Amino acid sequence: MSSTSPQRRTSLPRFAEAAVDRARLSVVPRLRTRAPRIPFVTLVSLILLAGVVGLLLFNTSMQQASFTASKLEDQASSLSARQEALAMELDQLRDPQRLAAQACALGMVVGPTAAFLDVETGALTGTPTAAVAGPCGFEPMVRPVRPVPEDVPVLPGQRSGAAQGRTQGSGR
């Protein structure tokens with residue numbers, strides 16, 4: 001073997017010989033190093049813990065938002081009921097009969113038919129009359145009674161609604 005190695009050396013340039021000498025492989029014992037598991041387990045545990053805490057916080061905030069929405073819906077319904085009550089009260093205050101009664105209580109009277117004066121010609125249309133104070137100056141409005149339809153079945157022994165109205169009106 002020694003005879004072949006010098007031949008190789010002579011055929012290779014000098015810088016290549018040094019590289020070949022350095023490149024000779026040798027068996028090296030394998031080192032068994034294990035990666036430390038504690039940091040990995042700690043990292044995974046922290047990620048899981050952060051996820052659970054995040055879910056709990058999210059759930060809590062969603063429940064709080066639900067309670068707030070429920071409270072606001074209750075408040076909206078009570079305000080709607082109050083608005084409706086105030087609208088009904090306003091309608092009662094605007095009732096023409098009520099206004100007429102208040103005007104009568106203040107001493108106001110209903111004016112008679114109007115008379116008109118034509119400014120250009122000086123002619124008077126209509127008869128001017130003074131307002132007369134009566135018991136209240138107006139006749140109370142009587143609400144009409146709804147008629148009963150004729151096609152309503154009448155039980156034996158009862159009169160129809162139209163027949164009852166005629167008997168009451170005739171004084172029987």
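This is a predicted model: local features need pLDDT of at least 70, side-chain atom pairs count only at pLDDT 80 or more; totals for chains, interfaces and linings use all residues.
Q: Before we start, what do buried and exposed mean here?
A: Buried is under 20% relative accessible area, exposed is over 50%, and partly exposed lies in between (1.4 Å probe, protein chains only).

Q: Great. Which of those is Leu48?
A: Leu48 counts as exposed, because its relative accessibility is 56%. Leu48 sits in helix 3, which covers residues 37-93. Residues are numbered from 1 along each chain as its sequence is written, and side-chain values use heavy atoms, leaving out hydrogens and water.

Q: And how much of the whole chain is buried?
A: Of the 172 residues in the protein chain, 2% are buried.

Q: What's the mean pLDDT, then?
A: The protein chain has a mean pLDDT (the predictor's confidence in each residue, from 0 to 100) of 76, and 72% of its residues reach 70 or more.

Q: Where is confidence highest and where is it lowest?
A: Helix 3 has the highest mean in the protein chain, 95, while helix 5 (residues 161-170) has the lowest, 45. Residues 140-149 have pLDDT below 50, and beyond near neighbours in sequence that stretch makes 3 contacts in the model (heavy atoms within 4.5 Å). Residues 160-172 are also below 50, with 6 contacts beyond near neighbours in sequence.

Q: While we're on contacts, how many link residues 24 or more positions apart?
A: Among contacts in the protein chain with a separation of 6 or more, 27% are between residues 24 or more positions apart.

Q: New topic: where does Thr129 sit?
A: Thr129 is in the loop between strand 2 (124-125) and helix 5. With a relative accessible area of 47%, Thr129 is partly exposed.

Q: How far is Thr129 from Ala114?
A: Their C-alpha atoms are separated by 8.4 Å, and Thr129 and Ala114 are 15 residues apart along the chain.

Methods
Helices (H or I, at least four residues) and strands (E, at least two) are DSSP runs, numbered from the N terminus.
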